[in-house]
Amino acid sequence: MAFVTRFAPSPTGPLHLGHAYSAMLAHDMAQAEGGTFVLRIEDIDRSRCRPEWENQLIDDLNWLGIFWDTEPLRQSDRVGMYSQSLDKLWADGLIYPCNCSRRDIETALSAPQEGTELPAGPDGLIYPGICRNKNHQRTVSERTSRPADANLRLNVSRVTVDESFERRFDISTGGWQWFASYRETGIGPLGSLGLIEFSPDDIETQVGDFVIARRDMGTSYQLSVVLDDAAQGITHVVRGADLTEATKIHVFLQRLLGLPTPIYHHHRLIRDENGKRLAKRDDARALSKYRAEGATPADIRRMVGL
């Protein structure tokens with residue numbers, strides 16, 4: 001089996017030790033398997049991405065001894081591809097416009113049980129379906145023109161999906177208790193969890209109707225990442241354990257769009273001395289600062305346990 005993996009940073013700040021661990025681990029795994037390592041620049045958030053951060057991250061990766069086998073893929077070059085997929089999902093009646101604010105969602109969720117913790121999933125608060133009923137009123141002709149000025153949420157509720165959705169998952173046979181699965185070779189006591197399965201009920205209760213495109217981006221991380229993994233021929237996704245739960249969304253979208261599902265390897269997170277996960281705001285852990293202080297790539301490897 002071919003082995004193709006990637007590192008996919010967003011140029012919104014400096015790379016830190018956590019990024020270094022993820023990039024080096026993916027690069028090491030590709031080399032060990034005689035495979036391919038590719039770079040993706042996830043720059044769909046144009047308000048936060050900066051060319052200087054992209055230049056810095058490429059320089060940092062090269063300093064670590066990490067190089068890629070093809071030209072980097074930039075999400076900002078693929079807006080048209082994302083739009084085509086949204087148009088198809090819209091025409092199939094699988095997505096609907098939503099103009100709810102976070103406050104609207106919080107108010108709707110807290111109304112039945114005031115004071116209780118609001119339900120949340122890997123994409124934020126689990127959407128209570130405020131705009132979902134409006135979707136039922138759309139005619140076939142209205143499905144041919146997707147509104148560009150509205151947020152779009154993917155309708156994942158079993159009870160409201162149309163016939164094309166049911167055919168997509170072949171639920172008429174009744175054999176859909178476990179309708180989606182993927183292989184996990186990363187987290188777990190032995191470093192491998194094997195086959196991970198989940199059902200429609202898991203999607204409905206643990207994820208809900210999630211955002212698939214935002215007005216200011218024309219897409220979302222969830223949509224872009226599955227389309228880009230397919231475009232780059234990714235066979236193994238190596239990334240942090242903080243994205244484990246989001247994998248349900250990604251596999252679900254792969255099923256909807258007819259895309260292959262890679263093997264996933266979710267690795268441990270690099271944390272500070274207080275056990276807090278590193279983030280881009282932690283400039284003290286930035287690779288550029290370690291470099292300025294005279295650290296070597298071998299030093300960085302020791303710091304992250306490689």
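L17, A20, Y21, M24 and D28 in helix α1 meet I300, R301, M303 and V304 in helix α11, where meeting, or contact, means heavy atoms within 4.5 Å. By class, that contact has seven nonpolar, no polar and two charged residues. This is a predicted model, where local features need pLDDT of at least 70, side-chain atom pairs count only at pLDDT 80 or more, and totals for chains, interfaces and linings use all residues. Residues are numbered from 1 along each chain as its sequence is written, and side-chain values use heavy atoms, with hydrogens and water left out.

**How α1 sits on α11**

- Helix α1 covers residues 17-32 and helix α11 residues 297-304; their axes are 10 Å apart and the packing angle is about 100°.
- That angle is why α1 and α11 count as roughly perpendicular (65 to 115 degrees; under 35 is roughly parallel, over 145 roughly antiparallel, and the rest oblique).
- In the residue classes, Ala, Val, Leu, Ile, Met, Phe, Trp, Tyr, Cys and Pro are nonpolar, Asp, Glu, Lys and Arg are charged, and the others, Gly among them, are polar.

- Helix α3 runs over residues 79-91, and at 1.5 Å a residue its 13 residues should span 18 Å, which agrees with the 18 Å between its end C-alpha atoms (the expected span is 1.5 Å times one less than the number of residues).
- Y82, S85, L86, L89 and W90 are the buried residues listed for α3 (buried is under 20% relative accessible area, exposed over 50%, partly exposed in between, with a 1.4 Å probe and protein chains only).
- They cover an arc of only 140° around the axis, so they lie on the same side of α3.
- Just after α3 comes G93, with a positive phi of about 75°.
- The α3 axis and that of helix α8 (residues 221-231) come within 10 Å and cross at roughly 110°.
- That makes α3 roughly perpendicular to α8.
- On the α3 side M81, Y82, S85 and L86 take part, meeting L223, S224, L227 and D228 in α8.
- This contact divides into five nonpolar, two polar and one charged residue.

**The loop between β2 and α2**

- E42 is in the loop between β2 (36-41) and α2 (51-63).
- E42 counts as buried because its relative accessibility is 8%.
- Beyond neighbours within four places in sequence, E42 is in contact with A8, P9, S10, P11, C49, Q75, Y221 and V225.
- R46 lies in the loop between β2 and α2 too, but R46 is exposed at 53% relative accessible area.
- R46 and M217 are 171 residues apart along the chain, with 7.6 Å between their C-alpha atoms.

Note on methods:
Helix = DSSP H or I, 4+ residues; strand = E, 2+ residues; numbered from the N terminus. Arc of directions from axis to C-beta. Axes fitted to C-alpha atoms, helices over the stretch in contact; angles between N-to-C directions.
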